[in-house]
Amino acid sequence: MARLTYFVRETFISLRRNVMMTIAGIMTVAISLVLFGGILLVSATVDHGTERWKHGVDLEIFMKVTASDQQVKAIGDELRSDPMVKSITFLDHNAAMNEFKKDFANQPALIESTTPENLPESYRVVPVKAEKTEQIRIAYKDQLGVDTVITAEQQVKRLLTVIRAIRIFFVILATVLLASSLFLIVNTIRLATFARRREIEVMKLVGASNWFVRVPFMAEGFVQGVIGAGIAFGAVWFLRVVIGNFVSHPNSIVNSFRVTDTDAIGIGILVLFIGAMIGTVGSAIGLRRFLEV
Amino acid sequence: MIRFEDVTKVYKGDVVALRDLSLEIVKGEFVFLVGPSGSGKSTFLKLLLRDEVSTAGRVLVAGRDIGRLGAWKVPSLRRNIGCVFQDFKLLPTKTVYENVAFALEVIGRPKHIVRTQVPQILDLVGLSKKAENFPTELSGGEQQRVSIARAFVNRPLILLADEPTGNLDPATTVGIMRLLDRINRTGTTVVMATHDQRIVDAMRRRVLELDHGSLVRDQARGVYGVGT
């Protein structure tokens, strides 16, 4: 108990002593993590809307719910031997149910009232060339047992490319900023150890354990990282609400996109974790020079 | 209590600080370590604190080879060795009481121990009335008493003093030596490095003299200059 009081007191004295450096450290952690968390959230949103169009899938052929097994199999065989088709993935009733659950995770009542048998089976098709998409659609749309064929819209495809570029840019930016926040924390801790070098000298002399000397400084870096990450967490949550409003607008071209609380919480936890790591690692590096026995 | 076995210490650039030093100091002894600057006195003390590790030979404290001590065990060694310096090394932002209490707090002693031990030790060094003063408000002799109190508050087996009277006038020096003598009489082994001829002559204790890293004299009831 005496130790805990000591650690808490020492940590906050030190944080106060270097107020400007502490704020700078917190702000850079916050800004870099906001960017990082933000881009993850946007990516997650887009991923939900475009899941089926990944890995070169350009069209999806939905069978009628009433289609017989033979009809389903016949379409599969035909697709496999079709020279315009590069590869296919078959989604049976259960796979369709899984997709459905993900798509309507926010509406448990709807999931409750749906059984796998009510959902159509489908083939996801990767054409040999994107230009063949329309040709394939026409070839299959009226076949026996086929309900409908949907194709990836050009808009969505273009959006995906743009998002990918933005994502790379932001991840690089966030990484650079995270690195600078690490340096700032290292520096803050160095200043703190320098300001207290006499105390540290005495502590080592009277036989304080290395951990005892280190903990207040580690805690200082940790607190900075976590406060910065806390701010970022708040910002990510705010962004989640903004995106939520935007994509639920009925006329939006992105109304198939969704953002879920699970995404926001997961990203928030990741952001907090990174913040804590940056703080702790930063102080560990900052401490190395002064604390050699 | 302390045992050096053929200890050699070579610093970077082939500077030989100690050469084949062998000696033994038993529990409860009071030993003066004398010799000119650069003779190896400081290295001797640093080896005992494991601030440095010997290049060859063994240094044993209470039967343990401290050169082979893991880094994490060094603190427990230092808890058994009190240390006093010429420049006191007191913390200027803490009061006399806090300076002494600090030594107990940072090794995790509980509050009730701190509350009983610190006043006791301040009484021993004669500074009970100055407990709430800051080091800058004290004379040099008083500051050194605080530093001795801090070194001794944890009741170490060994007290090392590196030129503890180097900054003090003769009258104050006598007081400090009386205090060290008192601490020695409680059974604590005291090793004191000094240049002060008068102290050594007056105390008539064992004298170890170093010169260029070698032991040139080991006299049971020695004086400063004789024998060289």
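Predicted model: local features only at pLDDT ≥ 70, side-chain atom pairs only at ≥ 80, totals over all residues.

User: OK, chain A to begin with. How many helices and strands are in it?

Analyst: Chain A has 10 helices and four strands. Reading from the N terminus, the elements go α-α-β-α-β-α-α-β-α-β-α-α-α-α.

User: What do the four strands of chain A form, and in what order?

Analyst: An open sheet, ordered 2-3-1-4, with antiparallel pairing. Strand 2 (85–91) and strand 4 (146–151) of chain A are the edge strands, each pairing on one side only. From one strand to the next, the twist averages 20°.

User: How many bridges hold strand 1 and strand 3 of chain A together?

Analyst: Four bridges, in the antiparallel sense, between strand 1 (residues 59–63) and strand 3 (residues 122–127) of chain A. If you want a spot to look at, A:Phe62 stands opposite A:Ser122 in strand 3.

User: Which helix packs on that sheet?

Analyst: Helix 6 (residues 133–141) of chain A does, and it touches strand 1, strand 2, strand 3 and strand 4 of chain A. The direction of helix 6 makes about 170° with that of strand 4 of chain A.

User: Switching to chain B. What's in there?

Analyst: Seven helices and 10 strands. Of the 228 residues of chain B, 42% count as buried; for chain A, the figure is 34% of 293 residues.

User: And how much of the contacts comes from residues 24 or more positions apart?

Analyst: Taking contacts with a separation of 6 or more, such pairs account for 66% in chain B and 86% in chain A.

User: Which strands of chain B form a hairpin?

Analyst: Strand 9 and strand 10 of chain B, with two residues between them. B:His212 sits in the turn and has a positive phi of about 50°. Strand 9 (residues 206–211) and strand 10 (residues 214–219) run antiparallel and are joined by five bridges. B:Leu210 in this pairing stands opposite B:Leu215 in strand 10 of chain B.

User: Which residues of helix 1 in chain B are buried?

Analyst: In helix 1 (residues 41–49) of chain B, B:Lys41, B:Thr43, B:Phe44, B:Leu45, B:Leu47 and B:Leu48 are. Just after helix 1, B:Arg50 takes a positive phi of about 55°.

User: Which residues touch the most other members of the largest nonpolar core?

Analyst: B:Leu33, B:Leu48, B:Val100, B:Ala149, B:Leu159 and B:Leu160, out of 69 residues in that core. Helix 3 of chain B gives the most to this core, seven residues. There's also a second, separate core of 39 residues, which includes A:Phe222, A:Phe233, A:Val236 and A:Ile267.

User: Back to B:Val100. What does B:Val100 touch?

Analyst: Leaving out residues up to four places away in sequence, B:Val100 touches B:Val118, B:Ile121, B:Leu122, B:Val146, B:Ala149, B:Arg150 and B:Val153.

User: Last topic, the contact. How many residues does each chain put in?

Analyst: Chain B puts in 19 residues and chain A 16 residues. On the side of chain B that touches chain A, helix 2 (74–79) and helix 3 (96–105) of chain B each supply at least two residues. Helix 2 of chain B has the largest share of that side, five residues.

User: How does that side of chain B split by class?

Analyst: The side of chain B that touches chain A has 11 nonpolar, three polar and five charged residues.

Conventions. Residues numbered from 1 in each chain as written. Chains lettered and ligands numbered in written order. Contact = placed C-beta atoms within 7 Å. Nonpolar A, V, L, I, M, F, W, Y, C, P; charged D, E, K, R; others polar. Core = buried A, V, L, I, M, F, W, Y, C linked by C-beta atoms within 7 Å. Buried ≥ 20, exposed ≤ 12 C-beta atoms within 10 Å, placed from the backbone. Pairing = 2+ DSSP bridges. Axes fitted to C-alpha atoms, helices over the stretch in contact; angles between N-to-C directions.
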